[in-house]
Amino acid sequence: MPASPTAPVVSVRPVVLPAPGRGQDLQVRVSAPATGDHLPVVVLSHGHGWSMDGYAPLADHWAAHGFAVLQPTHLDSRTLALPADDPRTPHIWRIRVEDLRRVIDSLDVLEAALPGLAGRVDHDRLAVAGHSWGAHSASMLLGARILDAHGRPGQDLSDPRVTAGVLLALPGTGGQDLSPFAAEHLPFMNPAFEFMTTPALLVAGDKDDSPLSLRGPDWFTDGYHLSPGAKSLLTLFGAEHTLGGVAGHQVAETTDESPERLALLQRLTTAYLRSALTSGDLAWPDARAALESAPHPLGRIDGKQADQPA
């Protein structure tokens, strides 16, 4: 898969959005190519403990290839050091979703904060992305809902402005699939994917054996198999939870660092976002074909259309 042309990336941080009732204002990093117009938008939600300063391998790559990338810092970030007994802690999963919606609501403010970006962003081409807990948060805007203790779906938090998603290592179903620790401490980890109708690319590692689930790596494919609508699933061979290094280069959490696997993920997610947000764009089918024809592929792509069962 040949690389597409790139542009220099410019960023500004922190852009502070007032957030009454949140306890502290929301900090956001804005990144974009230095040139180009009609830029589609990707709102990127970080995993547990990270911040707007993480995920450079994805954020910088997407921005270099023509996207405006917006990265909020959620309340669980280590940079904020919230104590475990903070009264907001049980509600952070919901506040995370509100953070993403606040970023979308503030697109005018955020593009104006980066010199030279105002007027170059296409507000009608909008995707959300996330890794791990960030994927869980992003999935709520795509239609996933949380089941309560009686198995009843909670509030619909989907956002019609979001037309595509990229969900990396998305946690699977709850209930008996959770480990005792997760069942006790993470009751919100009980999603109903049958409401997640927005098109999305899901990415899972076939060696991602999470301590949060009793099931093994296939737990991270639930969002693909249980959701309706047009979905694609990229399974990365040999990948653990960080999928080769999505959070950053040479970070302690990356136990499966692989420049080759990470480069493949960069190219495929970029191709998916281009085709999902641009009518008639062939980057995604071309990238799929290139992966399928590779002599030693690092992954596999499965797909289903809107009218096709899982």
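Reply: Two strands pair if DSSP finds at least two bridges between them. Helices (H or I, at least four residues) and strands (E, at least two) are DSSP runs, numbered from the N terminus. This is a predicted model, in which local features need pLDDT of at least 70, side-chain atom pairs count only at pLDDT 80 or more, and totals for chains, interfaces and linings use all residues. Residues are numbered from 1 along each chain as its sequence is written, and side-chain values use heavy atoms, with hydrogens and water left out.

Me: In β7, which residue is the bridge partner of G130?
Reply: Strand β5 (residues 121–131) pairs with β7 in the parallel sense, over five bridges. For G130, the bridge partner in β7 is L167.

Me: How many bridges join β7 and β9?
Reply: G165 has A200 as its bridge partner in β9, and V166 stands opposite L201 in β9. Strand β9 covers residues 200–205 and pairs with β7 in the parallel sense, and the number of bridges is four.

Me: How many of the residues of β7 are buried?
Reply: Buried means under 20% relative accessible area, exposed over 50%, and partly exposed in between (1.4 Å probe, protein chains only). Strand β7 (residues 164–168) is mostly covered, and the number of its five residues that are buried is five.

Me: Which residues of β9 point the other way from A200, L202 and A204?
Reply: Strand β9 is mostly covered, with six of its six residues buried. A200, L202 and A204 point one way and are buried; pointing the other way, and also buried, are L201, V203 and G205.

Me: Which residues of α1 are buried?
Reply: Helix α1 is mostly covered, as seven of its nine residues are buried. After α1 comes G66, whose phi is positive, near 105 degrees. The buried residues of α1 are P57, L58, A59, H61, W62, A63 and A64.

Me: Leaving aside its neighbours within four places in sequence, with which residues is S51 in contact?
Reply: S51 is found in the loop between β3 (39–45) and α1 (56–64). S51 is buried, because its relative accessible area is 9%. Contact means heavy atoms within 4.5 Å. Leaving aside neighbours within four places in sequence, the residues in contact with S51 are H46, T73, S77 and T79.

Me: What is the radius of gyration of the protein?
Reply: The radius of gyration is taken over C-alpha atoms, and the globule rule is 2.2 Å times the number of residues to the power 0.38. Along its principal axes, the C-alpha trace spans about 50 × 50 × 40 Å. With 310 residues, a compact globule would have a radius of gyration near 19 Å, which agrees with the protein's value of 18 Å.

Me: What percentage of contacts between residues at least 6 apart in sequence join residues at least 24 apart?
Reply: The protein has eight helices and eleven strands. Of its 310 residues, 55% count as buried. Among contacts between residues at least 6 apart in sequence, the share that joins residues at least 24 apart is 71%.
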